[in-house]
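Please give a short account of the structure shown below, written for someone who is meeting it here without any background.

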Amino acid sequence: MRSPHRFAALLGLLFGLAGTSTSAVTVALPELAGDLEVSAATAAWMVSGYTVTLAVATPIHGRLADVVGIRLPLCLGIAAMALGALAAALAPSFPALLVARVLQGAGAAAIPVLATALISARWSGSEQGAALGRVAGVAATIGALGPLLGGGLDTLGGWRWAVAIPVLALLAIPPLWRIAPAGGSGDAIDRTGAVLVAVAAAGLVLLIQSPSSGTGTAVLGAALLVVGAPLVTLWVRAHPHGFLPREIITNPTVLRSAFAAAAVPASWFALLLGVPLAAASWGWTPLATGALLVPAAVVGFASPALARVLLARLGSRRSIALACPTAIVALLTAAAGGATESPVLLATAVVLVSAAFGVGQPAMIASVGAAVPGAQRGVALGIATLVFLTGASVGAALVGGLADVIGIPGAFCLLIALPVAGLVALLAGGPDRVAADAA
C-alpha cells in the first residue's frame with residue numbers, strides 16, 4: 001500500500017462500491033418493489049434516501065476529518081456503508097430498508113471527500129495526479145458496471161444480493177486504518193448548521209418526489225423547505241465561519257461551477273433510475289438491462305483521460321459548459337428511446353450522460369479549487385460536492401416522483417431545465433475568480 005498506484009486502486013474500488021449502491025440497485029427495483037409489496041415509484045425512495053444522505057453528510061465528514069484526522073471518520077464511514085448495505089439486504093419491510101439506506105448513504109459520504117484528502121496528504125506532484133486519475137478510472141468503471149453486476153446477482157439470488165454488494169468494502173478498513181493519518185485540529189463542528197442544511201435538502205427532495213406518494217409527503221416536504229431554507233440563511237449570517245462559510249458560499253465561481261455541474265449528476269441518476277424502469281416495463285430481465293448499460297462502462301473507464309485533455313485545452317469552465325449540453329442531448333435521446341421503446345437510444349443516452357459526468361465532476365473540482373485559497377479548498381470542495389450530490393438526489397426524485405404521473409419520457413424532458421439553467425449560469429456569469437496561490 002506504499003505504492004500510490006495500489007493505494008489509488010483500493011480507493012477507486014471504494015468509490016466504485018459507493019457508486020454501485022445506486023447503479024447496481026436500480027436494475028433490481030421492479031423485483032424489490034414486488035417482493036416488499038410497494039409500487040415502483042415508492043421503491044425509488046431507496047435511491048433518493050441514499051443520495052440525499054450522501055449529499056448532506058459529505059461536508060460533515062470533511063469537518064470531522066479536520067477535527068480528529070482522516071483515519072477515524074473514513075473507516076467508520078466505510079463500516080457504516082457496509083453495515084447499511086447488509087441491513088438493507090436483510091430488511092423485512094420497505095421502511096426498514098429505507099432506514100438502512102439512509103445509514104448506508106451517511107457512511108458512503110466519507111469516501112468522496114476523505115479519499116481525495118488522503119491522497120493529497122500522502123503524495124504530491126505527478127504521483128498525486130496519477131493517483132487521482134487512477135481513482136477516477138477504477139471508480140468510473142466499477143460504477144458503470146454496477147447495472148450488469150446487479151442484474152447478474154439479481155438473476156442468481158434475487159435483489160437482496162444486488163443490494164449487498166457494498167459489504168465488500170469492509171475488507172478495505174484494515175489497510176486504511178494503518179495508513180490514514182489520525183491527527184486533527186480539535187475544533188468544534190457546527191452541528192446546528194449541518195442539521196439545518198439537512199432539513200432544507202430533505203424538504204426539497206420530498207417535495208419533488210411527492211407526486212408518487214401523496215399529499216402528506218408534499219406538505220411535509222414544503223414545510224421542511226419553507227422552514228429550513230430561511231433558517232439556513234439566518235444561520236450563515238450569524239455564523240459566517242460555520243458549516244457553510246459565508247466567504248465560500250458567496251464566491252460566484254464556487255456557486256456557478258457547483259450549480260452548473262450539479263445538473264450533470266441529476267441527469268445521470270435520472271437515467272440510472274429511469275432506464276431500468278423503462279426496460280422492466282418492456283418485460284426485460286435485470287440481467288438484460290445491465291447488459292444494455294455495459295457500453296457506459298467503457299466510457300467510464302476512458303473518462304479520466306478525456307477529462308484531462310478537455311481541462312488542458314478548454315479549462316474548467318468551458319469543460320462544464322460542454323458537459324451541460326451533452327446532458328441535454330442525453331435526456332432528449334432517453335426520452336425518445338422511452339417513447340419509442342428503443343433500447344439503442346436508451347443505451348446511447350446513458351453513454352452520453354456518463355461522458356458528461358466523467359468530465360463535469362473533475363472540471364467542477366478544478367474550478368472550485370482554483371477559486372479559493374489553499375486553506376479553504378477542503379471546505380469549498382465539500383460544499384461544492386454537497387451541491388453536486390444534491391443534484392443527483394433531485395434527478396432521482398424527479399423520475400421517481402413523476403414517472404407515474406407524466407411518464408418516464410416526460411420526466412426526462414422536464415429534467416432538461418436543469419442543464420439548460422446551468423449552461424445559462426455559466427455563459428451569463430462574469431469571469432472566474434482565481435486565488436493568489438492558484439494563479
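The model is a predicted one, in which local features need pLDDT of at least 70 and side-chain atom pairs count only at pLDDT 80 or more, while totals for chains, interfaces and linings use all residues. Residues are numbered from 1 along each chain as its sequence is written, and side-chain values use heavy atoms, with hydrogens and water left out.

Helix α14 covers residues 252-281 and reaches 43 Å from its first C-alpha to its last, close to the 44 Å expected at 1.5 Å a residue, where the expected span is 1.5 Å times one less than the number of residues. Helices here are DSSP runs (H or I, at least four residues), numbered from the N terminus.

## The two ends of α14

N251 sits in the loop between α13 (246-249) and α14, and it is buried, with a relative accessible area of 4%. At the start of α14, a side-chain oxygen of N251 comes to within 3.0 Å of the backbone nitrogen of T253. The C-alpha atoms of N251 and A380 are separated by 9.6 Å, although these residues are 129 residues apart along the chain. After α14 comes G283, which has a positive phi, near 90°.

## Aromatic pairs

Across the whole structure, a search finds 4 aromatic pairs, which are rings of Phe, Tyr and Trp (its six-membered ring) with centres within 6.5 Å, counted as stacked when the planes are under 30 degrees apart, edge-to-face when over 60, and tilted for the rest. One of them joins W268 and F269, whose ring centres are 5.6 Å apart and whose planes meet at 80°, so the pair is edge-to-face. W268 counts as buried at 16% relative accessibility, and F269 is buried at 9%.

The rings of F357 and F388 have their centres 5.6 Å apart and their planes at 45°, so this pair is tilted. Because F357 lies in helix α18 (residues 343-371) and F388 in helix α19 (residues 377-415), the pair ties together parts that are 31 residues apart in sequence. Both F357 and F388 are buried, and together with W268 and F269 they form one aromatic cluster.

## A residue in helix α4

V68 belongs to helix α4 (residues 45-68), and this residue is partly exposed, with a relative accessible area of 34%.

Terms used
Buried means under 20% relative accessible area, exposed over 50%, partly exposed in between (1.4 Å probe, protein chains only). A polar contact is a pair of N or O atoms within 3.5 Å; within protein, one must be able to donate a hydrogen and the other to accept it, and residues adjacent in sequence count only if both atoms are side-chain atoms.
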